[in-house]
Amino acid sequence: MLKEKLQQVREEAAEELRRAETSEDIEALRILFLGKKGRITSLLSEMGKLPPEERPVIGQAANEVRNFVEAMIKEKKSEIGRRELELRLKKEKLDITLPGKPVMIGRQHPLHLVLDEIEDAFISMGFTIENGPEVEFDKYNFEKLNIPADHPARDTQDTFYFTPDILLRTQTSSVQVRVMEKQAPPIRILSPGRVFRIDEIDATHSPVFHQIEGLVIDEGITMSHLKGALETMAKKLFGENVKTRIRPDYFPFTEPSAEICVSCFRCGGEGCRFCKGEGWIEIGGAGMVNPKVLEGCGIDSVKYSGFAFGMGLERLVMLRYKIDDIRMFFENDIRFLNNF
Ligand code: PHE
């Protein structure tokens, strides 16, 4: 009886396994026949009811069925595994002969390109680069630069205020004050960065633009050091033939003050439409740091002197590449940017 049942289970298992198609099917059948409550296991538990002399014979037959089913499951499993793998490989096939997607190569923004060159020029003269916050205290942007609240110079830098004390910096000279406060001379720094002034946008004006300011403080610094540094930079930027000129100007934080011009690189100084017939193009302001500013930052103005200069980056880049509209820098038109 039990022997026949075993035979029947064996045939059923063989039949069902033959029909199984997926690894899930196989697993279900394994549980059905070999699991803890499976068909073969429950038959084996009936062995206890048999007379002792029959037990070894039936036991052997039961083991044989179990081995058979186990072997068949193993075989089926590897067969299905192979098939499933083949299927997946076929489905996931990559055609490496297909053309690739074009990759857009990024470029440096023209402002950064020129800024890098200017930084290199000054780094080679021993300057370090210093950065400061764009949201600044009035103290650093004006007060300590000898521009008190009622000073007319404030009118020339129309300012975005958050509170009476906090503003968007109008000049990177603010960084110089911060450095002078925490560092004893000698000081030799370049501070490039964004500055903000209330202004209508047009071809030559923008409420946000970039300044590059330099500051040198040491014993015995004179105006000729200033001129030498500016000349070195101008030659690196505009070529060996460029000339620099400084003429009197006024800034509250420098005394004496000067405007910086370079010879027109279009006409070489003869006068053309580009330089409006002047032969010279203004690129920034400069001067000897006002002793009042030095003292305000705790620097002995008898022992030390220094020079400072400031230039507009956009203007330099526009001159260099003959760009006639400042808005080009901020619109990020790929057709424009791809030229650099
Ligand atoms: N910060 C001045 C400006 O924005 C430029 C400047 C800097 C002039 C340093 C002299 C010395 O107009």
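1. How do the residues of the shell around the ligand divide into nonpolar, polar and charged? There are 5 nonpolar, 7 polar and 2 charged residues. Here Ala, Val, Leu, Ile, Met, Phe, Trp, Tyr, Cys and Pro count as nonpolar, Asp, Glu, Lys and Arg as charged, and the others, Gly among them, as polar.

2. A word on the basis. This is a predicted model, in which local features need pLDDT of at least 70 and side-chain atom pairs count only at pLDDT 80 or more, while totals for chains, interfaces and linings use all residues. Residues are numbered from 1 along each chain as its sequence is written, and side-chain values use heavy atoms, with hydrogens and water left out.

3. The ligand is surrounded by 14 residues. To be near it, a residue needs a heavy atom within 4 Å. Gln171, Ser173, Arg197, Gln211 and Glu213 are the closest.

4. Now the polar contacts (pairs of N or O atoms within 3.5 Å). Gln171 places a polar side-chain atom 2.8 Å from a ligand nitrogen. For Glu213, a polar side-chain atom is likewise 2.8 Å from a nitrogen atom of the ligand. The side chain of Ser173 has an N or O atom 3.1 Å from a ligand nitrogen. Alone, the ligand exposes 320 Å², and the protein buries 91% of that. These areas come from the Shrake-Rupley method with a 1.4 Å probe.

5. Strand 5 (208–218), strand 8 (280–289) and strand 9 (305–312) each give two or more residues to the shell. Strand 9 supplies the largest share, 3 residues. Helices (H or I, at least four residues) and strands (E, at least two) are DSSP runs, numbered from the N terminus.

6. The chain is assigned domain 1 (2–91) and domain 2 (110–337). Such bounds come from an automatic or database domain assignment. The C-alpha centres of the two domains lie 87 Å apart.

7. Check the backbone at two prolines. The Pro185 to Pro186 bond is cis, with omega near 5°. Pro186 is in the loop between helix 7 (173–182) and strand 4 (187–196). The Glu255 to Pro256 bond is also cis, with omega near -5°. Pro256 belongs to strand 7 (residues 254–263).

8. Asn146, not a glycine, has a positive phi of about 65°. Asn146 is in the loop between helix 6 (138–141) and strand 3 (166–168). Asn332 also has a positive phi, near 55°.

Technical notes:
Polar contact = N/O pair within 3.5 Å; in protein donor to acceptor, adjacent residues only side chain to side chain.
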